[in-house]
Amino acid sequence: MMSSLDAFAASKLAQLEARNLRRRLVETDRREQAYAMRDGRQLISFCCNDYLNLSQHPRVKAAAIAAIETYGTGSGASRLVTGNHPLFGVLEARLAKLKQAEDSVIFGSGYLANLGIVPALAGPGDLILADELSHSCLLMGTKLSGAQAHIFRHNDLAHLAELLAAHRGAARHCLILTDGVFSMDGDLAPVHEMAALARMHDAWFMTDDAHGIGVVGDGRGSSFVGGVKADVPLQMGTLSKAIGSYGGYLCASKVVCDFIRTRARTLIYSTGLPPASVAAAIAALDLIEESPDFARSAVKKAALFARALNLPAPESPIVPLILGEAEATLNASALLEAEGFLVTAIRPPTVPEGTARLRFTFTAEHRDEDILRLAGLVRERILPRHAAE
Ligand SMILES: *Cc1c(COP(=O)(O)O)cnc(C)c1O
């Protein structure tokens with residue numbers, strides 16, 4: 001007899017399986033230059049967020065190894081107890097400088113950052129307005145906060161203005177949340193216009209730039225695209241993507257960062273990042289700051305792919321190809337894998353129902369000939385099948 005617990009899990013899994021929505025972990029051994037080994041086969045990965053391949057960079061690896069030799073493998077406690085090893089201060093100063101903010105705070109991950117920051121800044125009696133395609137952790141942070149929440153249509157400034165007009169007056173504080181670079185679509189939020197709306201309504205504006213730092217705005221992120229810094233008082237992001245390491249951060253004024261260090265539960269009650277992760281991030285920032293061309297290289301590779309398929313010029317290293325149904329997307333992903341390319345199918349609930357997609361991500365070290373061969377396969381084998389359905 002199955003226990004009720006096991007029966008619950010088995011029936012949930014069976015329902016998901018029937019809708020092609022069950023997830024599976026596949027062992028993947030990532031190598032240099034976007035290569036990945038799966039089941040003994042070498043594939044070229046076009047679905048990794050290590051946009052500058054820094055997780056494999058000799059200088060980044062050496063910095064992590066040196067930090068282990070000096071400080072050990074773990075930080076041993078919350079940063080507020082004894083976990084605040086000396087590398088944190090170095091990295092926080094570097095991030096603040098890169099983002100032209102007074103200060104920054106490092107969290108255990110991007111997800112933890114948003115679960116800590118949003119409820120520290122807003123609660124019952126406050127208003128949160130969030131883009132409908134915001135990352136899961138912004139929306140979970142919103143839920144945790146207990147604030148009144150409204151979702152605006154993706155990048156729809158008129159809808160945001162309408163919600164501000166309708167609800168701002170009754171709320172004590174208002175927080176506006178959006179991805180800076182949208183993780184599953186690759187487009188940018190109109191941060192200048194949103195910042196202006198926020199100022200007009202005395203709302204606090206926060207961007208999640210997980211996919212922006214390192215690769216757009218000359219490596220400084222979405223607040224810096226176009227050359228004029230947008231007025232974003234809360235610039236959040238991750239060290240786990242283009243930075244090639246692990247961890248999350250918030251760049252903000254000194255007083256806001258001090259408040260977050262005092263009140264964000266996911267910082268207070270979670271162990272500080274290992275020294276190696278922090279050291280790796282510092283070395284990665286060195287490389288990004290040394291060369292704006294290097295920071296631009298991932299978007300350039302995405303642009304080559306998009307041109308080959310007559311798609312609009314990408315604003316980030318992310319190019320989505322929306323195929324609609326989960327099954328069609330799984331089939332397309334399998335077809336590419338058989339040809340040596342790793343492009344994971346992205347399905348609901350990661351993306352809205354009916355918008356399952358291949359999400360291609362490009363990295364500095366992808367070879368042009370591989371990108372063009374991939375584009376050829378998409379053009380000749382995936383798009384015609386899709387059009388016929
Ligand atoms: C990946 C991601 C996060 C989470 O960051 P982690 O450091 O991986 O936890 C947060 N926001 C966005 C938009 C992301 O894409």
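Good morning. The lining of the second largest cavity comprises 2 nonpolar, 2 polar and 3 charged residues; here Ala, Val, Leu, Ile, Met, Phe, Trp, Tyr, Cys and Pro count as nonpolar, Asp, Glu, Lys and Arg as charged, and the others, Gly among them, as polar. Those lining residues are Gln33, Tyr35, Ile44, Glu365, His366, Arg367 and Asp370. A cavity is a set of points on a 1 Å grid over the protein atoms alone where a 1.4 Å probe fits but cannot get out, and lining residues have an atom within 4 Å of a point.

The model is predicted: local features need pLDDT of at least 70 and side-chain atom pairs pLDDT 80 or more, while totals for chains, interfaces and linings use all residues. Residues are numbered from 1 along each chain as its sequence is written, and side-chain values use heavy atoms, without hydrogens and water.

The second largest cavity has a volume of about 50 Å³, a volume being the space filled by probe spheres set on the points, which are joined across faces, edges and corners. In total, the structure holds 4 cavities of 30 Å³ or more.

I turn now to helix packing. Helix α12 (residues 326-338) packs against helix α13 (residues 368-388) at an angle of about 145°, their axes 11 Å apart. Helices are DSSP runs (H or I, at least four residues) numbered from the N terminus; axes are lines fitted to C-alpha atoms over the stretch in contact, and angles run from 0 to 180 degrees between N-to-C directions.

Definitions and conventions. 1 Å grid on protein atoms, 1.4 Å probe; cavity = no way out; pocket = protein on both sides within 12 Å on 5 of 7 lines; lining within 4 Å. Helix = DSSP H or I, 4+ residues; strand = E, 2+ residues; numbered from the N terminus.
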